[in-house]
Amino acid sequence: SSCVDALRQARRGDETAASKSSIDRADEAEGAVHAAEALIRAAPEEIIGCAPAMVSALLHAHPATPDPEPLGAARQKALAAMCAVVPGLAGPALAFEAFASGRCDAGQKLEVLDVVADAARELAALPPVPDRDGDARLLGDHSKKPPGQGRKVGRERVFAPASLARLRAGPSAVADAASKPRRTRAHLIGASLAGPLLAGAVEMVRQAEERAFAAAREEAAARANPDAVHVPGGGIDALVLGRTLGCLGECCAAARNAPDAAKIAGAVLELALSPGAMNHAQPHVRRAALFACVGAVTSVPPAAAWHALSGGVGGAAAG
């Protein structure tokens with residue numbers, strides 16, 4: 001809670017109006033942003049109760065600073081850590097705050113999309129393989145003593161119990177520890193990241209179709225009246241839509257080993273093949289829609305991809 005208060009630059013109950021200036025609160029908020037990732041990864045059990053508040057505070061933490069680039073990188077890493085540590089709570093909260101609350105501008109939405117892509121890649125990554133100097137518990141040593149403190153065995157003082165355990169067990173112990181099955185968390189991508197993002201993307205595509213229809217009417221009126229001037233708009237919204245489609249393609253690629261990979265791919269294909277995305281006036285949106293289709297098709301077996309393209313999911317047709 002103190003970290004959330006610092007991010008929001010809020011005045012605590014024990015502070016007076018003159019105890020801290022606005023510069024002090026901005027410095028405290030900047031320090032909280034830089035320390036947030038380590039705090040989140042060090043104590044994930046404490047994030048569960050305040051995940052939505054933490055996501056909102058981090059996303060809107062923009063204290064005055066002479067160098068905003070390191071602050072933005074730290075904020076993005078902290079948000080990605082939130083989505084990787086507690087994806088079921090942080091993912092939907094982040095998507096709602098960015099696309100449904102109305103409190104985020106285009107820059108914040110683009111930052112959220114980068115965060116979602118980073119979190120999806122982290123959830124799909126395998127845990128690291130222990131090396132010879134790694135976790136000694138995998139090699140049979142369950143002692144809790146820190147390195148450097150010896151323990152007595154009879155009248156002999158042993159200074160390196162983990163090394164002796166490896167020598168007695170031989171190189172096969174390290175190979176056995178490395179060959180144990182390791183599991184990703186790709187099954188969390190669909191419900192936590194791709195699903196909430198799809199809900200926001202559907203609304204963006206619908207608005208793009210409405211703007212395209214209105215622009216067609218204005219262009220027709222401009223052609224009928226030589227004195228009329230038509231200025232096309234929607235450039236910022238098109239930029240966000242294109243990045244959203246690209247992020248969905250990355251989510252499909254990250255969730256290729258998940259049980260619901262076919263459902264995610266089918267939903268992304270249905271969205272990317274819609275007229276609002278595939279026939280968009282901006283070429284970068286059409287390229288992003290093509291990238292989303294490629295990510296969806298290549299993330300599932302050919303039979304599942306054909307089932308989705310032929311209308312098996314949601315009635316989407318390939319034509």
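Of the 319 residues in the protein, 38% are buried, a term that stands for under 20% relative accessible area, with exposed meaning over 50% and partly exposed in between (1.4 Å probe, protein chains only). The model is predicted: local features need pLDDT of at least 70, side-chain atom pairs count only at pLDDT 80 or more, and totals for chains, interfaces and linings use all residues. Residues are numbered from 1 along each chain as its sequence is written, and side-chain values use heavy atoms, with hydrogens and water left out.

**Overall**

- The protein has 14 helices and 2 strands; these are DSSP runs numbered from the N terminus, helices being H or I with at least four residues and strands E with at least two.
- Among contacts (heavy atoms within 4.5 Å) with a separation of 6 or more, 72% join residues 24 or more positions apart.
- The accessible surface comes to about 17,300 Å², and carbon and sulfur atoms hold 58% of it; areas come from the Shrake-Rupley method with a 1.4 Å probe, and for residues only the protein chains shown count as cover.

- Serine 192 belongs to helix α9 (residues 189–224) and counts as buried because its relative accessibility is 6%.
- Two polar contacts (N or O atoms within 3.5 Å; within protein, one must be able to donate a hydrogen and the other to accept it, and residues adjacent in sequence count only if both atoms are side-chain atoms) involve the side chain of serine 192: one with the backbone oxygen of leucine 188 at 3.0 Å, another with the backbone oxygen of proline 87 at 3.5 Å.
- Not counting residues up to four places away in sequence, serine 192 touches Pro87, Gly88, Gly91 and Pro92.
- Proline 87 lies in helix α5 (residues 87–99) and is buried, with a relative accessible area of 6%.
- Beyond four places in sequence, proline 87 contacts Met82, Pro92, Leu123, Leu188 and Ser192.

**Helix α13**

- Helix α13 (residues 283–298) has 16 residues and spans 23 Å from first to last C-alpha, close to the 22 Å expected at 1.5 Å a residue, where the expected span is 1.5 Å times one less than the number of residues.
- Its buried residues are Val285, Ala288, Ala289, Ala292, Cys293, Gly295 and Ala296.
- Seen down the axis of α13, these buried residues fall within an arc of 165°, so they line one face of the helix; the arc is that of the directions from the helix axis to the C-beta atoms.
- Exposed residues Arg287 and Leu290 sit on the face of α13 turned away from its buried side.
- Cover for the buried residues of α13 includes α10 (235–254), α11 (261–272) and α12 (275–278).
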